[in-house]
Amino acid sequence: MPSTAGPSAASIPPRSPSKLGRVLRNYRFPLFILAGVVIGAIIGLIFGEKATVIKPFGTLFINMMFTLVVPLVFFSISSAVAGMSSAKRLGTILGSMLGIFAVTGVIASIVMIAALWISQATEGVDVEMSDPENVEEVGSIGDQLVQTFVVDDFSKILSAEHMLALIVFAVIVGIATSKIGEAGKPFAQFLHSGSEVFLKFTSIIMYYAPIGLGAYFAALIGELGAQLVGDYVRVFLVYYPVAIGYFFIAFTLYSFLAGGRRGITAFWSNIIEPTAISLGTSSSVASIPANLRAGKRIGVPRDIRETIVPIGATIHMEGSSLSAILKIAFLFAVFQRDFFTPGNILIGIAVALLAGMVMAGIPSGGFIGELMIITLYGFPAAALPIIQIIGTVIDPPATTVNAVGDQTSSMMVARILDGKGWMDRDDESENTLAEVSSTENS
């Protein structure tokens with residue numbers, strides 16, 4: 001007798017999840033991180049300085065990230081360089097990278113100049129000045145440049161404070177490995193394995209990110225709240241909207257230039273983690289692991305992302321270019337001078353580019369950049385505390401623009417090197433190392 005109970009459960013097709021359900025499933029972890037940051041910000045706003053009591057929970061996360069970043073940068077860069085098909089490709093990557101860094105830095109500077117000119121935000125600024133205490137001695141610029149690229153002892157390489165020296169060392173290790181041919185393949189596999197190990201290490205640490213970033217961000221908001229008073233409110237009200245606008249508009253444009261609509265979708269679908277970490281930690285270096293993970297998901301070739309992201313964390317600072325222009329214009333207003341003349345604007349763009357690309361990678365580079373602003377325009381030493389306070393107030397969004405800009409730059413370099421289809425390109429550097437591994441195992 002036929003059943004009248006209707007079709008069996010096995011014949012009923014499974015219900016497809018809703019669009020919202022798919023989004024929540026695919027991006028649940030980045031959303032957890034974002035929720036942690038938002039909750040932390042709310043706690044900081046409500047409790048003020050009392051929120052600093054939970055800062056150790058955030059410091060725990062930050063310390064783990066900084067412990068991780070040195071071996072990750074070494075293994076990722078050296079293995080990427082060792083796996084490159086030719087030295088010519090490395091040179092093309094570096095040349096394209098520097099060109100894009102310079103162009104985006106100039107664009108960021110012009111954006112801030114336009115925002116200040118339209119808003120007239122620095123009109124009527126009156127800040128009480130005092131002579132700075134304990135001015136740091138940084139030595140000659142020549143000594144600082146030497147210390148940027150080399151150190152006098154191997155142990156100093158193993159420090160995030162000498163990131164550019166570590167990068168130079170890693171690049172040379174990768175070149176040396178590729179130059180010795182067959183003899184270098186076991187070491188190349190070791191470098192590749194080390195890169196994978198520390199990327200997995202990153203994944204493990206990231207499970208703690210919502211709690212760690214939430215605690216750190218609560219303390220950050222609690223500490224900065226008292227500084228957002230008086231004329232410094234103007235800095236806040238100018239920089240934050242401009243940085244946010246630049247973040248969404250410029251990075252959407254750059255990702256479109258790199259990969260069209262597909263590039264935009266890939267970028268915004270994978271950038272939440274680096275954004276949350278850089279915003280919560282105010283450190284481009286701390287965001288390197290998350291940025292490398294995001295670049296892999298976007299489809300940026302391994303040799304490009306693992307070269308540009310670590311280098312960009314030290315010498316590519318679009319957010320710093322925005323802030324340098326703001327600091328200069330603010331000082332001009334304090335000393336009742338006109339910033340909006342062609343000569344002062346051109347010098348300002350040059351200073352912003354130096355502060356964002358060259359000085360950022362030098363030990364004490366931020367301080368040198370501030371001194372350069374003061375001495376180049378002839379401001380008195382009493383102006384130094386003013387721009388130091390400005391730097392503190394705008395540091396979180398500036399760092400976020402810096403870090404996320406490294407990702408769009410790597411996408412544009414991929415577009416230049418590998419053409420329109422770079423997102424569909426087989427990653428030869430990864431495939432080559434995989435073949436080496438399988439050959440050795442057989």
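This is a predicted model: local features need pLDDT of at least 70, side-chain atom pairs count only at pLDDT 80 or more; totals for chains, interfaces and linings use all residues.
User: What makes the side chains of Arg89 and Asp303 a salt bridge?
Analyst: Their N to O distance is 2.5 Å. A salt bridge needs a side-chain nitrogen of Lys or Arg within 4 Å of a carboxyl oxygen of Asp or Glu. The pair therefore qualifies.

User: Which parts does the pair of Arg89 and Asp303 tie together?
Analyst: Arg89 lies in helix 4 (residues 87-119) and Asp303 in helix 13, so the pair joins parts 214 residues apart in sequence. Helices here are DSSP runs of H or I with at least four residues, numbered from the N terminus. Arg89 and Asp303 also belong to a salt-bridge network with Asp418.

User: Why are Arg89 and Asp303 called buried?
Analyst: Buried means under 20% relative accessible area, exposed over 50%, and partly exposed in between (1.4 Å probe, protein chains only). Arg89 has 13%, so it counts as buried. Asp303 has 3%, so it is buried too.

User: How many salt bridges does the structure hold?
Analyst: The structure holds seven. One of them joins Lys185 and Glu182 at 2.8 Å, N to O. Another joins Arg262 and Asp424 at 2.9 Å, N to O.

User: What does the pair of Arg262 and Asp424 tie together?
Analyst: Arg262 lies in helix 10 (residues 232-270). Asp424 lies in the loop between helix 17 (384-418) and helix 18 (428-441), so the pair ties together parts 162 residues apart in sequence.

User: Why are helix 7 and helix 13 called roughly antiparallel?
Analyst: The axes of helix 7 (residues 163-179) and helix 13 (residues 302-315) cross at roughly 150 degrees and come within 9 Å. That makes the two helices roughly antiparallel. Angles under 35 degrees count as roughly parallel, over 145 as roughly antiparallel, 65 to 115 as roughly perpendicular and the rest as oblique. Axes are lines fitted to C-alpha atoms, for helices over the stretch in contact, and angles run from 0 to 180 degrees between N-to-C directions.

User: What is the handedness of the crossing of helix 7 and helix 13?
Analyst: The crossing is left-handed. That term applies if the near helix is turned anticlockwise from the far one by less than a right angle; clockwise is right-handed.

User: What makes helix 11 and helix 12 mostly covered?
Analyst: In helix 11 (residues 272-281), eight of the 10 residues are buried. Among them are Glu273, Pro274 and Gly280. In helix 12 (residues 288-298), nine of the 11 residues are buried. These include Asn291, Arg293 and Ile298.

User: Which residues follow helix 11 and helix 12?
Analyst: Ser282 follows helix 11, with a positive phi near 55 degrees. Gly299 follows helix 12, with a positive phi near 110 degrees.

User: What is the phi of Gln336, and where is Gln336 found?
Analyst: Gln336 has a positive phi of about 55 degrees although it is not a glycine. Most residues other than glycine have a negative phi. Gln336 is found in the loop between helix 14 (318-334) and helix 15 (342-358). Its relative accessible area is 74%, so Gln336 is exposed.

User: Why is Leu68 called buried?
Analyst: Leu68 has a relative accessible area of 0%, so it is buried. Leu68 is in helix 3 (residues 55-82). Its C-alpha is 9.4 Å from that of Ile205, 137 residues apart along the chain.

Key:
Residues are numbered from 1 along each chain as its sequence is written. Side-chain values use heavy atoms; hydrogens and water are left out.
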